[in-house]
Structures are given as structure tokens and as C-alpha cells.
Amino acid sequence: MKRLINAAPSGRLQVFLGLLPFALLLLIYLAGSEARLELNPNDKLLPSLTQMGDALQRLAFEPSRRTGEYLFWQDTLSSLQRLGMGIAIAASLGLALGMITGALPFASAGLSPLLTVLSLVPPLALLPVLFIVFGLGEVAKVALIAIGITPMIAREIQRRTLEIPREQLVKAQTLGANTAQTMTRVLLPQLLPKLIDAVRLSMGAGWLFLISAEAIASTDGLGYRIFLVRRYMSMDVILPYVAWITLLAFVMDFMLRQLNRRLFPWHQ
Amino acid sequence: MIEIKNLWKEYDDTVVLEHLNTQVQEGEFITLVGASGCGKSTFLNMLLGTEVATRGELLLDGKPIRNEPDADRGIVFQQYSVFPHMTVLENVIATRGFQQRGWSGYLLGKKYQQAKQDALALLEQVGLSHALGKYPHELSGGMRQRLAIAQALLGKPRILLLDEPFGALDPGIRADMHQLVLQLWREHKLTVFMVTHDLNEGFYLGTRLWVFDKIRQDPHAPQAYGATITYDLPVGEMDSSTLEKIQDDIGTLAPERTETL
């Protein structure tokens with residue numbers, strides 16, 4: 001018998017162990033749901049799979065009686081647009097700020113303290129300010145995501161820039177490179193895979209800001225919907241929506257990881 | 001070509017180098033040896049422009065040497081000398097891109113084709129023709145250093161600085177690299193400075209050997225005095241007794257070689 005610290009499960013066992021907690025949770029839920037529904041068929045707290053399926057069917061494949069839209073897809077589209085725009089802005093700004101402060105001592109002296117302080121401001125506390133300044137439309141929501149994530153990405157990229165061995169910068173200069181060439185040819189390409197990693201890490205925060213903004217002021221979106229139906233205790237809508245958001249987050253993370261592997265074969 | 005006049009290097013109250021006086025002619029191949037921390041790498045960095053002398057003058061063609069790296073002085077470090085995100089061929093072509101003005105250093109059309117031809121010829125010379133599309137992490141240590149040398153050479157530096165370039169390589173590969181460096185030095189008419197841990201390397205490679213050591217020692221304040229050049233010997237006119245004498249003087253050299261692997 002090996003020591004526990006050395007014993008590792010084989011491939012198949014590993015898959016089984018990984019799926020086990022999911023199966024257990026599902027089982028516990030189903031048992032609980034059945035027990036409650038048996039006592040009271042109108043119970044809303046733990047809907048059965050069929051009830052959730054019906055709710056999803058209604059939202060995804062039947063046009064809304066009020067607006068004629070397919071709410072589920074409309075919500076998904078709106079949310080993804082906001083999240084995508086917010087993250088795209090944050091990634092570009094964060095890359096630029098991080099690379100400049102990492103590469104140029106003068107930029108670092110001027111911007112690093114500001115960046116540190118800004119990254120300590122809780123973005124959600126700024127949400128009212130954003131609503132006041134930008135109104136209740138799309139801009140405020142996108143701005144919240146961008147403002148919340150940019151400092152995270154910028155500081156991460158700054159750290160990564162400083163990690164690139166000094167020798168490479170000296171080498172480029174001995175080959176005749178000027179500052180701009182060193183940054184575009186030596187630093188930038190090596191930072192792009194780090195940027196994708198940084199975006200992956202900040203996706204969680206991105207969703208958080210998105211759902212908060214939608215919950216407070218919106219007319220559609222995944223976050224808007226779950227907070228709307230909360231009033232009617234519609235767990236049969238909330239639970240599938242949460243599962244859907246989780247799935248979207250997983251797929252995006254997976255795609256970014258694949259993108260990194262495809263685009264940057266030299267990056268381990 | 002290079003004149004060194006009463007050069008000192010100090011960090012706070014630690015003297016690293018003191019009282020360096022010498023001259024170097026175009027085309028010399030100088031090997032710098034000495035114990036760890038004797039300041040030979042510091043001296044190389046001053047030639048490179050990443051460190052500045054505290055006192056004295058370091059002149060290139062009669063003018064103070066530039067205090068930042070430029071295309072006059074090529075460098076090969078022990079590691080991190082090549083760009084990990086470029087293939088072997090791209091690494092060398094990039095040199096040509098860096099030589100033109102502009103902000104990106106990307107080459108287009110005819111210029112790119114010309115650079116590619118030159119790069120291919122040089123890679124052939126250093127024996128990397130079979131690995132053009134590989135990334136540095138797929139190469140062995142010896143191949144990476146060959147690449148770093150090819151890259152530096154395409155920049156046509158007047159002075160080539162080698163900072164323990166073969167310290168991390170196996171002895172057999174090291175011998176091949178010696179041949180390569182000697183051949184390139186002759187063909188490209190370079191002035192070479194090579195820092196090494198390996199006294200034998202210094203003894204048989206190049207034209208001139210500098211040994212860095214402290215002349216004055218204060219046992220109560222080891223940092224009070226710096227090292228200087230204690231031997232300045234023409235290579236090829238020495239016998240083995242000189243080698244032993246130097247080995248005795250700087251003592252710790254031989255065992256250090258093994259730990260770099």
C-alpha cells in the first residue's frame with residue numbers, strides 16, 4: 001500500500017471520481033424534489049426536471065406573448081454582447097497599460113501608483129455613479145465590466161512584462177532595435193498568450209459585474225431574468241438559467257484555452 | 001580600438017574592479033577568466049553598456065562607449081539569448097528587421113527575401129539548416145547557443161561579447177562550439193570578448209587571456225579592494241607551468257565547472 005501522498009487514481013477511476021459528486025448532488029436534489037412535490041404538488045422551491053424543462057421550453061421555443069421575442073435567446077444574446085464588449089475593452093486597455101508600465105520605467109513611475117489605487121476601488125460601489133453618468137442604458141453596464149476588469153488585467157500584464165528576461169531586451173537592442181521595435185516584436189507577442197490567460201481569470205468577475213448591473217437596471221439579459229422571476233419564486237426558471245450561465249462560462253473558458261494552444265504553439 | 005584608462009567600478013562601499021588599464025586592438029580574441037564574483041561579468045556589462053564605470057574611462061575609437069546597448073556590440077548570454085516566440089529562421093531574420101527604422105521591424109517583399117537568404121546562409125554556417133521551423137524550446141542547449149550566435153552575427157557587430165556562452169553545455173558539445181566560434185571569428189573579422197569559468201577554455205581559445213583577481217586583500221573587509229587584471233598573456237606562447245600557476249592563484253576554478261551543469 002502506497003502512502004496516500006503517492007497513490008494516484010488510474011485514468012478511468014479518475015473520471016469516475018470526478019463525476020461522482022455531480023451524480024450525488026443530482027440524486028440528492030431529485031430525492032428532495034420528489035419528497036416535497038409529493039406533499040404539495042404546487043411547491044415551488046425544488047421543481048422537478050420536467051417542470052424545469054417545461055419552463056425552459058416556454059422561454060426558449062415559444063414567442064413571448066407580450067413582445068413576441070424568444071426570451072431565453074434574447075436574454076443570452078444581450079448578456080453576451082455586454083460581457084463581450086466589456087471584456088474586449090478591458091483586455092485592450094489592460095494590455096496597453098500593462099505593457100507600457102511594464103516596459104517603460106517613466107510610464108511605470110507615472111501610472112503604477114494610480115493603477116494600484118484604482119484596482120482597490122470596489123467596482124460595484126461605482127455602479128450608482130455609472131448609472132448617474134451614463135444613464136440606465138447599455139453604456140453603464142459595459143462600463144462597469146470594463147472598469148472592474150481593466151485594473152486586474154493591466155496589473156497582471158505588467159507583472160508578466162517584468163518577468164520577461166532582461167537578456168532578451170538587451171539582445172534586441174544589440175541587434176539594432178529601438179524602443180518601439182523591442183515592444184512590438186519582443187514583448188507584445190510574448191504577452192498575448194498571457195493576456196488570454198488573464199482574460200480567462202477575470203471572466204468570473206466579468207459575469208459577476210454583468211449580472212449585478214442587469215439585476216439593478218435592465219429590460220433583458222440573463223441576470224435581469226433571474227432577478228425578475230425571483231418575485232414569483234420561479235425556481236423552475238432560475239435553476240436552468242444558472243445552469244446555462246455556468247455552461248456558457250465553461251465553454252468560453254474552454255475556447256480561450258484552445259485559442260491559446262492553437263495560436264501560440266511556442267507557449268507552454 | 002578600445003582603450004581602458006584607470007577604470008573603477010564600485011557598488012556603495014564594495015569595490016568590484018579597480019585600476020584597470022589596457023588597450024585592445026581590432027580583431028583580438030580575449031578570454032576573461034577569474035573566480036566567481038571577481039567582476040569579469042561586470043566588466044563585460046560595461047562593454048555592453050548595461051553598467052557604467054564609477055571612475056575612469058572606457059573608450060571605443062577614442063570616444064566614451066555608449067551607456068546603452070547598440071548594434072556595435074553583439075552579445076550571447078548563457079541563456080535567454082534567443083526569442084522563444086520565434087522559430088529558428090524568424091529569430092535570425094528578426095535581426096534584419098531591427099536594423100531598419102520604423103516602429104515594428106517587420107520586413108516585407110524584397111527586403112524579406114534578401115534577409116531570408118542571408119539568414120539561411122548563416123544558419124547553414126552554424127549548422128542549423130535542419131531546424132529552421134523549430135522553436136527554441138524544441139532545441140538542445142548547444143543548438144540554442146548556435147542560434148544565438150547566428151543571430152548576433154547577422155547584426156554585423158564590431159565587437160562580439162560572450163558571457164559564459166558554453167557554461168551550461170556538455171564537454172563534447174563545448175568542443176564543437178569552440179571550433180565554431182574560432183571559425184566565425186576568423187571569417188567575420190570580429191573582436192571577441194569571452195567570459196568563462198573554464199581556464200582551459202581561456203588557455204586554448206583566442207589570442208589573449210586576461211585573469212581577473214584581487215591583488216590586495218583585507219581579511220577584515222573583503223569588499224574594500226576590487227579585482228584587476230593580474231595576468232595579460234598572449235595565448236599560444238605559454239607552457240603548462242603557467243597554467244598551473246594561474247590555477248593556484250585563483251584556486252577555485254576547476255571545481256566550479258561541474259556545477260554549471
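Predicted model: local features only at pLDDT ≥ 70, side-chain atom pairs only at ≥ 80, totals over all residues.
**Interface of chain A and chain B**

Between chain A and chain B about 2400 Å² is buried, and carbon and sulfur atoms give 64% of that area. On the side of chain A, the residues that lose the most area to chain B are A:Lys171, A:Leu175 and A:Arg185, which together make up 32% of what that side buries. The contact involves 22 residues of chain A and 36 residues of chain B.

**Two helix pairs**

Two packed helices are described by the angle between their axes and the distance between the axes. The table gives these values for one pair in each chain.

| Helix pair | Angle | Axis distance |
|---|---|---|
| H4(B) (residues 141–154) and H5(B) (residues 171–188) | about 10° | 11 Å |
| H2(A) (residues 49–61) and H3(A) (residues 71–103) | roughly 70° | within 5 Å |

With an angle of about 10°, H4(B) is roughly parallel to H5(B), because angles under 35 degrees count as such. From H4(B), the contact is made by B:Gly142, B:Gln145, B:Arg146, B:Ile149 and B:Leu153. H5(B) contributes B:Ile173, B:Asp176, B:Met177, B:Leu180, B:Val181, B:Leu184 and B:His188. By class, the residues of this contact are seven nonpolar, three polar and two charged.

In chain A, the axes of H2(A) and H3(A) cross at roughly 70°, so H2(A) is roughly perpendicular to H3(A), as angles of 65 to 115 degrees are classed that way. Here A:Leu56, A:Leu59, A:Ala60 and A:Phe61 of H2(A) meet A:Leu71, A:Phe72 and A:Trp73 of H3(A). The contact of H2(A) with H3(A) has seven nonpolar residues, with no polar and no charged ones.

**Surroundings of B:Glu51**

B:Glu51 sits in the loop of chain B between helix H1 (40–48) and strand E4 (55–60). Neighbours within four places in sequence aside, B:Glu51 is in contact with B:Lys9, B:Tyr11, B:Thr42, B:Asn45 and B:Met46. With B:Tyr11 there is a polar contact, side chain to side chain, at 2.5 Å. B:Gly142, one of the residues that H4(B) brings to its contact with H5(B), is 91 residues from B:Glu51 in sequence and 28 Å from B:Glu51 in space, C-alpha to C-alpha.

Note on methods: Residues numbered from 1 in each chain as written. Chains lettered and ligands numbered in written order. Heavy atoms only, no water. Contact = heavy atoms within 4.5 Å. Buried area = accessible area lost by both parts, 1.4 Å probe. Axes fitted to C-alpha atoms, helices over the stretch in contact; angles between N-to-C directions. Helix = DSSP H or I, 4+ residues; strand = E, 2+ residues; numbered from the N terminus. Parallel < 35°, antiparallel > 145°, perpendicular 65-115°, else oblique. Nonpolar A, V, L, I, M, F, W, Y, C, P; charged D, E, K, R; others polar. Polar contact = N/O pair within 3.5 Å; in protein donor to acceptor, adjacent residues only side chain to side chain.
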